[in-house]
There are 2 protein chains.
Amino acid sequence: MKFWQKLFPDHRSVKPRCSAIIAAAGSSRRMEGENKLLLPLGGKPVLAHTLQAVDAAAGVDEIIIAAREEDLVRFAELCKTWGIKKPVKVVAGGKTREESVLRAAIEADPDANLLAVQDGARPFTTPELIDDVIESARMHFAAAPALPVKDTIKVAVDGIVRNTPDRSLLYTVQTPQVFDAQLLRAALTSAIEAGAVLTDDCSAVERLGKEIYLTEGLEENIKITTPWDMILAEAILKRKEG
Amino acid sequence: MKFWQKLFPDHRSVKPRCSAIIAAAGSSRRMEGENKLLLPLGGKPVLAHTLQAVDAAAGVDEIIIAAREEDLVRFAELCKTWGIKKPVKVVAGGKTREESVLRAAIEADPDANLLAVQDGARPFTTPELIDDVIESARMHFAAAPALPVKDTIKVAVDGIVRNTPDRSLLYTVQTPQVFDAQLLRAALTSAIEAGAVLTDDCSAVERLGKEIYLTEGLEENIKITTPWDMILAEAILKRKEG
C-alpha cells in the first residue's frame with residue numbers, strides 16, 4: 001500500500017457505494033450544430049444508451065447527470081422515457097468539463113466513496129466494463145479503461161513533426177473513469193483553481209501525483225464527437241444486435 | 001531553404017516523377033487469421049480500393065506493391081481484375097515493414113524523384129489526398145497527411161499511467177507518406193541497419209533529423225487492422241456511395 005493510500009478509507013474490505021456522474025454538458029461543437037447526445041442511434045438517443053448501461057451496472061448506486069441549463073428538463077424526462085431505475089439527479093454543468101463534473105461530484109450522495117465519471121457520448125459502454133473499472137478503483141483509488149493505440153501518433157507544432165512517441169507505451173483512455181470520491185473532488189478543485197486545461201478526469205488526478213490503473217477497454221466503446229462517429233456507431237449497433 | 005535541402009535536387013521547378021509503394025506484405029495478425037487486404041468491402045477487395053485510388057492520382061507514375069511471397073501472383077492478378085492502368089510491379093517484401101518498403105523503393109523507376117508509401121489497408125485514400133501530399137513533398141521533401149487526435153492519450157507502463165501528453169500537439173498520421181526518393185532509401189537503410197522499431201515511414205526519416213510536413217488527412221482514411229475496422233469500413237463505404 002502506498003503511503004497516500006493510508007490517507008483514504010480502505011475500500012477493499014466493503015462493497016463501496018458508487019455514484020455515477022454522466023458528463024453531458026458539452027457543446028457538441030464538432031457535430032454540425034446538433035446536440036450529439038440526443039441523436040437517434042437505432043431509434044434511441046445516444047444518451048439513453050449510455051444511461052441504460054450505467055443503470056444496469058451492479059456497482060452503481062445513483063446517477064448524476066451534468067447537463068447544460070437548456071437540457072435539464074429534457075434529460076430528466078429522457079430518464080423516465082427510457083426507464084432508468086436508479087435514483088437520478090440532473091444538475092447544471094459549468095463552463096468546462098472539469099467544472100461540470102465537480103458540480104455533479106458535489107451533488108453526489110455524501111456516503112458514496114467512489115465516483116464513476118462516464119462520458120454521455122459513449123453509448124457502447126457496458127455494465128460489465130463499468131463494474132470492472134469500479135472494482136479496480138476500489139483496490140487502487142483511481143482506474144480507467146484503455147486500449148493500446150493503433151495509429152502512429154506524431155507530436156507536431158505548426159504542421160511540422162517534432163517527434164514520434166513510442167506507440168507501445170500509448171493508450172487511448174475511455175470512460176468510465178472511477179475515483180475515490182474525495183480524491184476526485186480535490187483533484188478537480190485543484191485543477192480548476194490552477195486553470196489547467198484537461199481533456200479527461202484522470203488528468204486532474206495525475207496532476208496530484210496519484211497513480212491511475214488502467215483496465216482493458218472495449219474497442220466499440222467509442223466517444224461520439226463527429227458525424228463520422230455516428231456512422232460508426234450505427235454500424236456497431238447493427239453488429240451488436242445481429 | 002534548409003541547408004540539407006540543398007543536398008537534394010530541387011523538385012519545385014519541374015513536375016516530379018513519383019512512384020507509389022503499396023505496403024501490402026503485413027501478416028494481418030489482428031484480423032483473426034484472414035488476409036485483411038483481400039477481405040471484400042462492398043464486393044471489392046480492400047486492396048483493390050486502395051490501388052484504384054492510387055491509380056487515379058495524377059501525380060503517381062507507377063505502382064510497386066510489396067507483398068508476401070504467397071501473394072505475389074494473386075496481387076498481380078488482382079491488378080488486372082480491377083483494371084489498374086498504370087505500370088505495376090509486385091515485389092516480395094521483407095520481414096519488417098521497413099524492409100518491405102525499402103525493397104519496393106529499390107525496384108522503383110530510377111528516374112522517380114519522389115516515393116509515395118501507401119498502406120494497402122487504407123482503402124479510403126483518395127486521388128486528391130494523394131496528390132495533395134505529393135505536392136507538399138515536392139516542396140518540402142517529406143510530407144504526410146494527419147488529423148488532430150480526438151481521444152485522450154496516456155503514456156502507461158505496466159498498466160499504470162505515467163503521463164498525459166498535451167493532446168493539442170498530437171496528430172494521428174495516415175498514408176500516403178511521400179518523400180524524396182533518395183532520402184527515403186537512405187532513411188530506411190539506416191533504420192534497418194540500426195534495428196530501429198518503427199511504426200511508419202516518416203519515423204525513419206525523422207531519425208535522420210529531417211522535417212516532415214503534415215497535410216490535412218481525411219477522417220474516413222482509416223487503416224484496417226481489426227474486425228471492428230471492417231464494420232466501420234462498410235459503413236463508410238455506404239455513406240460515400242449514398
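**Figure 1. A salt bridge links K154(A) to E206(B).** In this predicted model, the closest N and O atoms of K154(A) and E206(B) sit 2.5 Å apart.

**Figure 2. Strands and helices of chain A line up on the side that touches chain B.** Strand 8 (153-157), strand 9 (160-163), strand 10 (170-173) and strand 12 (213-216) of chain A each give two or more residues to this side. So do helix 6 (201-207) and helix 7 (227-241) of chain A.

**Figure 3. Strand 8 of chain A pairs with strand 10 of chain B.** These two strands run antiparallel, joined by 3 bridges. Look for V155(A), which stands opposite L170(B) in strand 10 of chain B.

**Figure 4. The whole interface between chain A and chain B, by contacts and area.** Here 42 residues of chain A are in contact with 42 residues of chain B. Interface size is often quoted as the accessible area lost when the parts come together. For chain A and chain B, the buried area comes to about 4000 Å². Carbon and sulfur atoms give 61% of that area.

Conventions. Residues numbered from 1 in each chain as written. Chains lettered and ligands numbered in written order. Predicted model: local features only at pLDDT ≥ 70, side-chain atom pairs only at ≥ 80, totals over all residues. Heavy atoms only, no water. Contact = heavy atoms within 4.5 Å. Buried area = accessible area lost by both parts, 1.4 Å probe. Salt bridge = Lys/Arg side-chain N within 4 Å of Asp/Glu carboxyl O. Helix = DSSP H or I, 4+ residues; strand = E, 2+ residues; numbered from the N terminus. Pairing = 2+ DSSP bridges.
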